[in-house]
Protein chains: 2
Amino acid sequence: MLEFAAPEKGIEQEEGKVFRPKFDGNGLITALAMDASSGEVLMLAHMNAEALSKTIETGKAHYWSRSRNAIWLKGETSGNVQQVSEMWTDCDQDAVLMKVTVKGADASCHTGRISCFYRKIEASRDGSVNLSFDSRKAKFDPKEVYSTQEK
Amino acid sequence: MLEFAAPEKGIEQEEGKVFRPKFDGNGLITALAMDASSGEVLMLAHMNAEALSKTIETGKAHYWSRSRNAIWLKGETSGNVQQVSEMWTDCDQDAVLMKVTVKGADASCHTGRISCFYRKIEASRDGSVNLSFDSRKAKFDPKEVYSTQEK
């Protein structure tokens with residue numbers, strides 16, 4: 001497993017050339033996957049140090065499942081592995097952005113859709129806030145792919 | 001302020017047509033801004049219910065600053081207001097993705113850069129993990145714009 005440098009404050013963190021991932025109180029950073037080809041934002045999840053290390057070492061996105069308390073190789077069950085071509089971090093290094101190519105059915109959401117962001121937020125005049133679905137169909141049927149709550 | 005519906009579990013949360021933002025233990029959801037025109041991911045931050053409500057009501061991105069413990073109208077000091085054209089949520093509704101047009105200097109990072117994701121992560125053979133900067137120059141000098149730690 002890779003050993004990451006400890007986070008600093010200020011200029012060293014923001015303008016430095018050493019990766020110093022700033023994990024939160026639960027030991028997690030936010031990880032964002034976007035399609036390397038289309039630029040579409042696919043999903044947002046979390047990584048602990050081990051998931052981050054495995055992602056860098058293998059070139060395949062690994063996450064930390066907060067619901068299952070376990071490391072998770074994305075696509076292990078569904079085949080929708082995310083092959084990482086680039087990884088970027090932000091100014092305070094508490095997030096990573098990955099450019100990925102999705103294998104299998106080319107779907108990153110456990111609902112079978114290409115992206116987890118399939119519903120648009122719309123405010124109504126009566127103060128309620130509703131969601132409208134994009135028009136694309138799911139790429140796979142989750143009932144046929146997952147036996148459990150696994151994503 | 002808008003009153004948001006309470007989050008549910010399972011199918012209602014993932015396939016429903018009601019926005020049910022799932023705030024974490026600190027009352028926050030993750031908010032992602034991308035440029036509506038270029039598709040570039042600009043920044044990742046957090047919103048509490050008030051910031052989310054103000055964003056939807058005004059069409060300008062508001063965030064919750066965890067370092068300053070305060071609501072934050074993005075661009076209030078710098079002029080780099082993010083005008084929101086679309087907002088999307090993800091499967092479990094604990095994140096929002098905004099398509100924005102940035103006013104002012106067209107820079108969303110407090111360092112003066114277009115995007116907070118200006119450094120690429122690169123692993124070396126010796127096991128160290130380093131960062132390389134993209135080649136773009138900052139759009140403004142933060143020393144001239146901010147008097148404090150304000151972003």
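Student: Which residues does Leu97(A) touch, not counting residues up to four places away in sequence?

Tutor: Two residues are in contact if their C-beta atoms, placed from the backbone, lie within 7 Å. Leaving aside residues up to four places away in sequence, Leu97(A) touches Leu32(A), Met34(A) and Trp88(A), together with Val41(B) and Phe117(B). Please note that this is a predicted model, in which local features need pLDDT of at least 70 and side-chain atom pairs count only at pLDDT 80 or more, while totals for chains, interfaces and linings use all residues. Residues are numbered from 1 along each chain as its sequence is written, whereas chains are lettered from A and ligands numbered from 1 in the order in which they are written.

Student: Is Leu97(A) buried or exposed, and in which strand is Leu97(A) found?

Tutor: A residue is buried if 20 or more other C-beta atoms lie within 10 Å of its own, exposed if 12 or fewer, and partly exposed in between, with C-beta atoms placed from the backbone. Leu97(A) counts as buried because it has 23 C-beta neighbours inside 10 Å. Helices (H or I, at least four residues) and strands (E, at least two) are DSSP runs, numbered from the N terminus. Leu97(A) belongs to strand 6 (residues 95-102) of chain A. The C-alpha atom of Leu97(A) is separated by 9.3 Å from that of Leu44(A), 53 residues apart along the chain.

Student: How many helices and strands does chain A have?

Tutor: Chain A has three helices and eight strands, in the sequence pattern α-β-β-α-β-β-β-β-β-β-α. The C-alpha trace of chain A spans about 45 × 40 × 30 Å along its principal axes. Of the 151 residues in chain A, 38% are buried. Among contacts in chain A with a separation of 6 or more, 45% involve residues 24 or more positions apart.

Student: Which rotation superposes chain B on chain A?

Tutor: Two copies of a chain are related by a rotation about an axis and a shift along it. Copies are superposed by least squares on the C-alpha atoms of residues with pLDDT of at least 70 in both. Here, chain B is superposed on chain A by a rotation of 180 degrees, with 0.0 Å of shift along the axis and an RMSD of 0.0 Å. This is the relation of a two-fold axis. Within chain B, Gly39(B) has the C-alpha nearest the axis, 3.3 Å from it.

Student: How many residues does the contact take from chain B and from chain A?

Tutor: The contact takes 37 residues from chain B and 36 residues from chain A. On the side of chain B that touches chain A, the residues divide into 23 nonpolar, seven polar and seven charged. In this count Ala, Val, Leu, Ile, Met, Phe, Trp, Tyr, Cys and Pro are nonpolar, Asp, Glu, Lys and Arg are charged, and the others, Gly among them, are polar. The copies meet through the same surface, because 97% of the interface residues of chain B are also interface residues in chain A.

Student: What order has the open sheet of six strands?

Tutor: Two strands pair if DSSP finds at least two bridges between them. The open sheet of six strands has the order 8(A)-7(A)-5(B)-6(B)-1(B)-2(B), with mixed pairing. Its edge strands, each pairing on one side only, are strand 8 (129-133) of chain A and strand 2 of chain B. Strand 7 (residues 119-123) of chain A runs antiparallel to strand 5 of chain B, and two bridges join them; Arg119(A) has Thr89(B) as its bridge partner in strand 5 of chain B. Strand 7 of chain A is also joined to strand 8 of chain A, by five bridges in an antiparallel arrangement, with Arg119(A) opposite Phe133(A). The hairpin of these two strands has five residues between the strands, and Gly127(A) there takes a positive phi near 95 degrees.

Student: Which residues of helix 2 of chain A are buried?

Tutor: In helix 2 (residues 49-58) of chain A, the buried residues are Ala51(A), Leu52(A), Lys54(A) and Thr55(A). They lie on the same side of helix 2 of chain A because they cover an arc of only 165 degrees around the axis, the arc being that of the directions from the helix axis to the C-beta atoms. The elements that cover these buried residues include strand 1 (29-35) and strand 2 (41-47) of chain A. Just after helix 2 of chain A, Gly59(A) takes a positive phi of about 75 degrees.
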